[in-house]
Amino acid sequence: MRSKDETIGLYDIVEDVLEYLHECHEYYMNNALVKIAETTERLIAPCSAAQRDAVWKFFTDYKFELENHFRQKEGETIPYVRKLMTGQRGIDHTIDSFCAHHHDDIDARLSDFKNIIMTSLPKECDSDLKRSLLRFLFDLQNDLDRHSKLEDEVLLPLVRMIEDPLFTEMRVSRRRAAPDDALSDREKEILVSVAQGLLNKEIADRHNISINTVITHRKNITRKTGIKTVAGLTVYAILNGLIDINSVQ
C-alpha cells in the first residue's frame, strides 16, 4: 500500500495543479478575454455594419464557448477532484467523463479568428491595433496549449491513479529500491528531457550523445520505473522532485 507521506505528497501536487488551473481560468476570463474584446471592438470600428456584426458575432461565440468550458471545469471537474481526495469516490463519474469535451473545437475557433484578423479585414482597420490584437491572440493560444498539456499529461494521470480502487504504489523516491533499480544521474537527466517534451534527436543534441544512446537510456528508465508513456514519466519526474510542474511545456 502507498504510505501516508507519499499519498499526501501526491495530493499536494494535484492541489497545486488545481490551484494553477483555477488562477488561469480567472486570468483568461477577467483579463485576457477582456483585452481581446476591447481591442477587437476598436479594430473593427471602421468596418461596415455587416462586417462588424460578422466579426463580433464570431468572437463573442468563441468567447462564450471558452467561458462555458472554464465554468464546467470550475463547477464540475475541480470540485470532483477535491471530493475524490477526501475519499468521496464517484459512482457515476470518472475524471475522463468530465474531460469528454476536449479543446479541439475551441482551438480551431481561435485559429480561425486569428486568420480572419490577419487576412480578411478591410484596409481601413488600424494596423497597430491589428498587431496588438494578434499578439493577444497568439499569447492566449500559447497559454491555452500549455493549460491543456498540464491537464492531459499531469492532472489526468494523477487523478486516474487516485480513482484506481487499488491505488497501487508508484515507485517514488521514498521507496526502498534495490541499488540496481535506482536511476543513474544520466538517466535522471534523460528523464527530465523526456518529461519536458523533447524528441530523441533533441535529447541527443542537448546531452551531446547519440540517438542510440538516448534510446538505450529510455529503455533502462522504463525497465526501472515500469512506466512506458511520456505522460506517466512526467508524473514520475514531478513526484520525485526532478522537475517542477511549471517546467512542463
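From the N terminus on, the elements of the protein chain run α-α-α-α-α-α-α-α-α, giving 9 helices and 0 strands. The model is a predicted one. Of the 249 residues in the protein chain, 41% are buried. Among contacts between residues at least 6 apart in sequence, 75% join residues at least 24 apart. The chain exposes about 13500 Å², and carbon and sulfur atoms supply 51% of that area.

Helix 6 (residues 185–195) packs against helix 8 (residues 211–225) at an angle of about 95°, and their axes lie 10 Å apart. Because angles from 65 to 115 degrees count as roughly perpendicular, helix 6 and helix 8 are therefore roughly perpendicular to each other. On the side of helix 6, the contact is made by R186, E187, I190, L191 and V194; helix 8 contributes H217, R218, N220, I221 and K224. By class, this contact of helix 6 with helix 8 has 4 nonpolar, 2 polar and 4 charged residues.

Helix 7 (residues 200–207) comes next, with I203, A204 and H207 buried. Seen down the axis of helix 7, these buried residues fall within an arc of 100°, so they line one face of the helix. What covers the buried residues of helix 7 includes helix 6 and helix 8. Just after helix 7, N208 takes a positive phi of about 55°.

Key: Residues are numbered from 1 along each chain as its sequence is written. This is a predicted model: local features need pLDDT of at least 70, side-chain atom pairs count only at pLDDT 80 or more; totals for chains, interfaces and linings use all residues. Side-chain values use heavy atoms; hydrogens and water are left out. Axes are lines fitted to C-alpha atoms, for helices over the stretch in contact, and angles run from 0 to 180 degrees between N-to-C directions. Helices (H or I, at least four residues) and strands (E, at least two) are DSSP runs, numbered from the N terminus. Angles under 35 degrees count as roughly parallel, over 145 as roughly antiparallel, 65 to 115 as roughly perpendicular and the rest as oblique. Contact means heavy atoms within 4.5 Å. Ala, Val, Leu, Ile, Met, Phe, Trp, Tyr, Cys and Pro count as nonpolar, Asp, Glu, Lys and Arg as charged, and the others, Gly among them, as polar. Buried means under 20% relative accessible area, exposed over 50%, partly exposed in between (1.4 Å probe, protein chains only). The arc is that of the directions from the helix axis to the C-beta atoms. Accessible areas come from the Shrake-Rupley method with a 1.4 Å probe; for residues, only the protein chains shown count as cover.
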